[in-house]
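Please read the report below alongside the sequence and the model.

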Amino acid sequence: MSKTILVFAESRSGSLRRVALEALGAARRLAGADGEVHAVLASFGGAAEEAAALAARGADVVHIADDPSLRAYAPEAYIAAIGAAIAAVRPDALLLGHTAMGRELAPRLAAAHGAGHIADVTAIEDSGDGSDVGFIRPLYAGKAFERRSFVPGRPWVVTVRPNNLPAAEPLDAAAGHTAAVKELPFTVPPLYTAVRGLVRRTSGQLDLAEADVVVSGGRGVRSAAGFEPLQALATALGGAVGASRGACDAGYCDYALQIGQTGKVVTPQLYIACGISGAIQHLAGMSQSRVIVAINKDPDAPIFGVADYGIVGDLFEVVPLLTAELQRA
Ligand code: FAD
């Protein structure tokens, strides 16, 4: 059963976010061989490179909404632009990344278009012919999973969690895939929010939500300076540094690094928890990581309950040893 799927291809500073390509990969699968995959880009003065990247990875039509109102994130403008794409394409489903932006836009778009909404999808099951598609999403901080399906005949708005679904790979040039790139006219509504400036808090490190390796520190790190060995380990592994709320509340690091129920949700290939006890609210943000390593001096710390590998020891001894080994390798 072929479907028409629309992807909101989120970009940042002129580059597509990886989750946009993961949503595109899911869209290709959902659309089926005879279906259509459309992508919509929000641009403010040209998005030719992003459009070409989407086309090379299987988008059949790329719609570019271009307007100065899309420069800084104002939800009303984005909702109008994506809404115009929904009206033009009439998709069976709209896919977005489960990012800060996607989490805000998806329910508002679903409500505005009378659509159903499935949030935070981590896996897609299908029968092969598209007749039975199940969207898997975690519940109760990852303790349970539910499977939701489309009700036929409705448009659906689905957000996909970063780092869980395979990204769309470039198609073989010999296969002769062609894509159309179209301007997408839309009416800019009154904007109720104005962005006066942007403050970057990540000190140029990788985006936590998309990093393959996350080295996280908790209250056991004891000070801001205590994060330095963790940063060295993250650098050696090509990863990013995260934190528990305990560390953020203690002022050891910025809240932008917080992982958990009220922080970011991460699903890296490798998560190294250093001096983190493993409270349920922290597990909500990292328990789906592929491999979890815990370093804690308390052998009874709950984090060992979710860890694949546990090291009982002082993080100030263990972390530099790991870094030195990696640097030697
Ligand atoms: P602690 O629980 O104090 O643990 C510190 C750990 O470090 C201990 O296990 C200790 O054995 C170990 N340790 C100490 N020194 C060393 C050393 N030298 N070497 C090795 N190990 C050492 N928390 C989050 O993380 N994210 C959230 O999003 C979040 N949201 C919340 C929402 C609500 C509504 C509430 C009520 C709480 C939330 N919390 C959240 C807080 C959560 O309940 C915990 O308080 C917090 O996660 C504890 O942080 P921690 O593990 O760093 O600190």
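In which strand does L6 lie? L6 belongs to strand β1, residues 4-8.

## Basis of the values

This is a predicted model, in which local features need pLDDT of at least 70, side-chain atom pairs count only at pLDDT 80 or more, and totals for chains, interfaces and linings use all residues. Residues are numbered from 1 along each chain as its sequence is written, and side-chain values use heavy atoms, with hydrogens and water left out.

Helices (H or I, at least four residues) and strands (E, at least two) are DSSP runs, numbered from the N terminus.

L6 counts as buried because its relative accessibility is 0%; buried means under 20% relative accessible area, exposed over 50% and partly exposed in between, with a 1.4 Å probe and protein chains only. From L6 to I82 the C-alpha distance is 9.5 Å, although 76 residues separate them in sequence.

R161 is found in the loop between β11 (156-160) and β12 (180-183). With a relative accessible area of 6%, R161 is buried. Its side chain makes a polar contact of 2.9 Å with the side chain of D120. A polar contact is a pair of N or O atoms within 3.5 Å; within protein, one must be able to donate a hydrogen and the other to accept it, and residues adjacent in sequence count only if both atoms are side-chain atoms.

## Helix α1

Helix α1 has 14 residues (18-31), so at 1.5 Å a residue it should span 20 Å; the end C-alpha atoms are 20 Å apart, which agrees. The expected span is 1.5 Å times one less than the number of residues.

Of the 14 residues in α1, 11 are buried, among them V19, L21, L24 and L30. After α1 comes G32, with a positive phi near 80°.

## Ligand site

The ligand is surrounded by 26 residues, and R219, S244, T262, S277 and N296 are the closest; a residue counts as near if one of its heavy atoms lies within 4 Å. An oxygen atom of the ligand lies 2.8 Å from a polar side-chain atom of Q281. For H282, a side-chain N or O atom is 2.9 Å from an oxygen atom of the ligand. A nitrogen atom of the ligand is 3.1 Å from a side-chain N or O atom of D314.

Taken alone, the ligand exposes 980 Å², of which the protein buries 76%; areas come from the Shrake-Rupley method with a 1.4 Å probe. Two or more residues of the shell around the ligand come from each of α6 (245-249), α7 (280-283) and α8 (315-328).
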